[in-house]
Amino acid sequence: MADLVLRDDRERGVLGAFEDGTYLGGIAYFVLEAAPHALVAVHTVVEEGNEGRGIAGSLAREFYATALREGVPVVPLCPYVAKWAQRHPEEAPQPPAEVTRTAEWELAARPDRW
């Protein structure tokens, strides 16, 4: 997957994977702007025919790397990202419980976020 390009579209809340300009999949997310700040993964999708290529794993890894660069935790409300985090605890620290509760409340209050 040397040609895989990951692009963060913060305005749309999508970390996307592209190959030769073609969208292959992405993580839908939102940002907790007010304290406690975090990146909240809501849903991961890999386009049909591209499964099994490690695209979702590459997206999850980059999502956590982005959060690390920004100094905020990730709240993995997306089942795929949550499973990836369990398999890679060295790259995916658990968020504080307060941050998780805030993210869950925010998603429930604004389901249009994704």
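**View 1. Strand β2, a mostly covered strand.** Take β2 (residues 14–19): 5 of its 6 residues are buried, where buried means under 20% relative accessible area, exposed over 50% and partly exposed in between, using a 1.4 Å probe and protein chains only. Strands here are DSSP runs of E with at least two residues, numbered from the N terminus. Keep in mind that this is a predicted model, with local features needing pLDDT of at least 70, side-chain atom pairs counting only at pLDDT 80 or more, and totals for chains, interfaces and linings using all residues. Residues are numbered from 1 along each chain as its sequence is written, and side-chain values use heavy atoms, leaving out hydrogens and water.

**View 2. β1 against β2.** Strand β1 (residues 4–9) runs antiparallel to β2, joined by 6 bridges; strands count as paired if DSSP finds at least two bridges between them. Leu6 has Ala17 as its bridge partner in β2.

**View 3. β2 against β3.** This pair is antiparallel too, over 6 bridges. Here Ala17 sits opposite Gly25 of β3. The hairpin has 2 residues between the strands, with Asp20 at a positive phi near 50°.

**View 4. Gly26 and its neighbours.** Gly26 belongs to β3 (residues 22–32) and is buried, at a relative accessible area of 3%. Leaving aside residues up to four places away in sequence, Gly26 touches Leu15, Gly16, His43, Thr44, Val45 and Leu59, contact meaning heavy atoms within 4.5 Å.

Technical notes:
Helices (H or I, at least four residues) and strands (E, at least two) are DSSP runs, numbered from the N terminus.
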